[in-house]
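Please keep the sequence and the structure in view while reading.

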Amino acid sequence: MKVLVTGAAGFIGMHVSERLLARGDEVVGLDNLNDYYDPTLKDARLARLTPNPGFRFVKGDVADRTAMEALFAKERFDRVVHLAAQAGVRYSLINPHAYIESNVVGFTNIIEGCRHNGVKHLVYASSSSVYGGNEKMPFSEADSVDHPVSLYAATKKANELMAHTYSHLYGLPTTGLRFFTVYGPWGRPDMALFLFVKAALEGRAIDVFNYGKMRRDFTYIDDIVEGVIRVLDRTAEPDPEFDSQNPNPATGKAPFRVFNIGNNNPVELMDFILAIEESLGVEITKNFLPLQDGDVPATAADTDMLDDWVGFAPGTDVRVGVGRFVSWYRGYYGAR
């Protein structure tokens, strides 16, 4: 297949592109290489992809309507994996306009490109953040997600609603994937694992929010990629059991689906930090702080729907995943 991967220089985008290329797909990778975090890391990720003759890189912004219209008309993609977005919950409190431009305007341009150019399946990144203030655990796709606690979460919920609209109106198959705290080699520098390892190796203290009383469904990158690829290969379909009197938000009469991709095994933040300490062989100094605005104390994924749909659910043990990240970090940065 010819697949467009947006955000190809990003953490998940690079790994997904590698998997698609390894099985022989043609990949066009799109990224604007912005400076939300160190662009040299993005360049290094791209350097892993560009030697493959099946990969072509296009520098561009999903929010650029004219450029996206031209790209879709020229390339005629079979399928699209839309991962480009302005990420980060906390940054959305500081720069809300970046989220509207990338996550709402950009999503509109991508889904319009799919609609007008014969794309057979759009798979896009949603987020566990859509569950917002929900306290019933684990989070199920059948739960209401009408109480976001950050603009980032609201934009991701908006993407799901927009996708359903296009699936309903135009028959465009769309699948949204709610990622749960993705981590692993080549990860984002603004994520906890990266920040904690960097601080520990530099002998600095780490900030531990909500006084350490946090639980996260940390999901290893290889599991995320496996889920993305399997879902991409099974085109979204109407749900024959959809009940309009008792509607399931994750399916519909249209070719529309939404799935959680999480480890289904939440880890206490302090246990996560302990896994880092054990992998590094150091004890980390901790600054205990209150819960930050826009954050939630716990996440947990119900992955039954994903397993039923594609026969897969993530399961990498956090100690294994953390160890692999630490090995990558030491090698990439020459850290001891």
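Axes are lines fitted to C-alpha atoms, for helices over the stretch in contact, and angles run from 0 to 180 degrees between N-to-C directions. Helices (H or I, at least four residues) and strands (E, at least two) are DSSP runs, numbered from the N terminus. This is a predicted model, in which local features need pLDDT of at least 70 and side-chain atom pairs count only at pLDDT 80 or more, while totals for chains, interfaces and linings use all residues. Residues are numbered from 1 along each chain as its sequence is written, and side-chain values use heavy atoms, leaving out hydrogens and water.

**Helices α3 and α4**

- Helix α3 spans residues 65–75 and helix α4 spans residues 96–116; their axes come within 9 Å and cross at roughly 25°.
- That angle makes α3 roughly parallel to α4. Angles under 35 degrees count as roughly parallel, over 145 as roughly antiparallel, 65 to 115 as roughly perpendicular and the rest as oblique.
- α3 and α4 cross in the right-handed sense. A crossing is right-handed if the near helix is turned clockwise from the far one by less than a right angle, and left-handed if anticlockwise.
- Arg-65, Met-68 and Phe-72 of α3 are in contact (heavy atoms within 4.5 Å) with Asn-109, Ile-110, Gly-113 and Cys-114 of α4.
- By class, four nonpolar, two polar and one charged residues form this contact of α3 with α4. Ala, Val, Leu, Ile, Met, Phe, Trp, Tyr, Cys and Pro count as nonpolar, Asp, Glu, Lys and Arg as charged, and the others, Gly among them, as polar.

**Helices α8 and α10**

- Helix α8 (residues 269–280) packs on helix α10 (residues 318–333) at about 50°, with axes 9 Å apart.
- The two helices α8 and α10 are therefore oblique to each other.
- The crossing of α8 and α10 is right-handed.
- On the α8 side, the contact includes Phe-272 and Ile-276; on the α10 side, it includes Val-322 and Arg-330.
- Seven nonpolar, two polar and two charged residues make up the contact of α8 with α10.

**Strands β1 and β2**

- β1 (residues 2–6) pairs with β2 in the parallel sense over five bridges; strands pair if DSSP finds at least two bridges between them.
- Leu-4 has Val-28 in β2 as its bridge partner.
- In β2 (residues 26–31), five of six residues are buried. Buried means under 20% relative accessible area, exposed over 50%, partly exposed in between (1.4 Å probe, protein chains only).

**Pro-238**

- Pro-238 lies in the loop between α7 (221–233) and β11 (256–261).
- Pro-238 counts as partly exposed because its relative accessibility is 42%.
- Not counting residues up to four places away in sequence, Pro-238 touches Gly-252, Lys-253, Ala-254, Pro-255 and Arg-257.
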